[in-house]
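Student: I have a structure open and would like to learn how to read its features. Could we go through it together?

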Amino acid sequence: MSVPASMSSPKGLPYAMSGPAFLLFATLLLVPLVLTALLSFSNFDHHVGVKGGLTLQHYVAVVSDDFYHEIFLRTLRLSGLTTLICIAVGAPEAYFLSRMSPRWRAICLLIVLAPLLISVVVRAFGWSMLLGREGLINQLLELTGIGRQRLLYTEAAVIVGLVHIMMPFMIIPVWTSLQKLDRSTEQAALSLGASPFTVFRRIIVPQVLPGILSGSLIVFGLSASAFAIPGLLGGRRIKTVATLIYDEYLHELNWPLGAAIAIILLVANLLIMLGYNRLMERRYRRALG
Amino acid sequence: MTRNGIPALIFHVLVMVFMLAPLVIVCLVAFTPENTLSIPLTSFSLRWFAEVFRHADFMQSFWNSLVLAFLAATISVGLAVPVGLALTRFEFRGRAFLNGLFLSPLIVPHLVLGVAMLQLFSLIGATGSFWWLVGSHVVVVTPYALRLILAALVGSDPSIEHAAQSLGASDFTVFRRVTLPLMLPGLSGGWLLSFINSFDELTMSVFVTAPSTVTLPVRMYMYATESIDPMMASVSALVIAVTAAAMLLLDRIYGLDRVLVGQR
């Protein structure tokens, strides 16, 4: 980083420049997170509300109660399946996109990625219309003679919605690693007699693996904390960790328990991200060494 | 250039249909003349759009969201410009920490941010305050603004600034005539991306809005969990229109592919 001579003279300048933003982030990010962590260790009484003191009871409750086990397992299952489907669909899609002519590619990339910027509520609502009792998919099922099925408010509906939201997060990193791919290695392998499948397996897959891995971690992390999709497509029956936190805070009003679950969710998310960074560093070190 | 085979193309078309289906259906149903969620085949009507504009709660939330997104984007860019300059032009203690801190809202689930801010607001009696809501949105969208501004600053050659300085320009002149124009695309792109993200934010806002400050996504979420009628489709179509307009601008100014693909 170069430092212009006259700008580096006042020592406090960079601090002054970051000061306002730091104040805001300290007040609205650091302090609230610390408060929430503290709250998760506070006693709670359904009649009195939050009481002082230190307790692990909320964490113990989450770890020991089958009710919470089921919700955590369901969240893991939904996020895991979403991740697998995103890999199975997103990775080949990114590959096909990279082989298109530039004009088509630009249009298709836009179609695949632009939904990223459109409100989650809108997309969830679109799916609830498609999957509803009178929805388009049920009408098609009736025409084909299969008959109406209960699609909305099932785990399948949640997975469909999650896959739709998360697909861009898988396609982007795979696409990025495909961009770095040297086409001439492919040509070389082909000209040396490798079958297209061998080329795919031995040359393309190993090179896009980091992209798939980074996409998977992002998709898994975001799916596990997704709120709108399970809320709108899962209904009241399909509770996930996110909707559980919402209920504890806004319906049960048991904030300390909600805080404990939120802290677990946060720590799990940070661990995933940290693990991802470690993994990437190790890869780079190996690649360099 | 290698071409995709027929199976690959079929696969690709299916993915496209999957990605577009929910958006297309929303936009079609928005024009239904019926009372049910049906796709209009013979006649189109704007009655449900009229219904939206007559619905006081939705209109109020729409304006709330628009003002909120405008303020949040403007303030976050205002904060991110000096931060971006400090991070790229100076070497100082705590630089890595600040960099991590300002980008951290990207990896903290919005749900966790929501409950954390809810607790702070209830402690200091800020629930229902519009300005604290603006503050919470600024925290969430600042990473987006900062990232584009950082990219613009890292990409610009500091020797141009040196040249201007050595020719006798003052620090302020260098900033106004050299640095600012160089980072203008990143700055305006960052503003638009922040605007879109604030306008769409649901998960955190669910916790920190009060009846008087309910934003459009939160209002839509509440509405959709209770009843479903074609008005919801019309509101959704309007949201898509606002977002698409912002995206079009973003594409013109900064390049949508750069924002989207360079995002992670």
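Student: At what angle do helix α12 of chain A and helix α5 of chain B pack, and how far apart are their axes?

Tutor: Keep in mind that this is a predicted model. Helix α12 (residues 241-250) of chain A packs with helix α5 (residues 110-124) of chain B at about 15°, and their axes are 11 Å apart. Angles under 35 degrees count as roughly parallel, so α12(A) and α5(B) are roughly parallel to each other. As for handedness, α12(A) passes α5(B) in a left-handed crossing.

Student: Which residues make that contact?

Tutor: From α12(A) come A:Ala242, A:Ile245 and A:Tyr249, while α5(B) brings B:Leu111, B:Val115 and B:Leu118. Sorted by class, this contact has 6 nonpolar residues, with no polar and no charged ones.

Student: Now the two chains as a whole. How many residues of chain B are in contact with chain A?

Tutor: A general word to begin with: the size of an interface is often given as the accessible area lost when the parts come together. Here we can look at residue counts instead. In chain B, 77 residues are in contact with 78 residues of chain A. Helix α1 (residues 6-29) of chain B gives the most to the side of chain B that touches chain A, namely 14 residues. That side of chain B divides into 54 nonpolar, 15 polar and 8 charged residues.

Student: Let's stay with chain B. What is its secondary structure?

Tutor: Chain B comes to 12 helices and 0 strands. Its C-alpha trace spans about 70 × 60 × 30 Å along the principal axes.

Student: How is chain B divided into domains?

Tutor: Domain 1 of chain B covers 1-44, and domain 2 covers 56-261. Taken over C-alpha atoms, the centres of these two domains of chain B are separated by 31 Å. Their contact takes 7 residues from domain 1 of chain B and 7 residues from domain 2 of chain B. On the domain 1 side, the classes are 6 nonpolar, 1 polar and no charged residues.

Student: One last point: what are the confidence scores of chain B and of the model?

Tutor: The general idea is that where pLDDT is low, the predicted coordinates should not be read in detail. For chain B, the mean pLDDT is 89, and 98% of its residues reach 70 or more. The model scores ipTM 0.89 and pTM 0.89.

Conventions. Residues numbered from 1 in each chain as written. Chains lettered and ligands numbered in written order. Predicted model: local features only at pLDDT ≥ 70, side-chain atom pairs only at ≥ 80, totals over all residues. Contact = placed C-beta atoms within 7 Å. Helix = DSSP H or I, 4+ residues; strand = E, 2+ residues; numbered from the N terminus. Nonpolar A, V, L, I, M, F, W, Y, C, P; charged D, E, K, R; others polar. Domains from an automatic or database assignment. Axes fitted to C-alpha atoms, helices over the stretch in contact; angles between N-to-C directions. Parallel < 35°, antiparallel > 145°, perpendicular 65-115°, else oblique. Left-handed = near helix turned anticlockwise from the far one by under 90°. pLDDT = per-residue confidence, 0-100.
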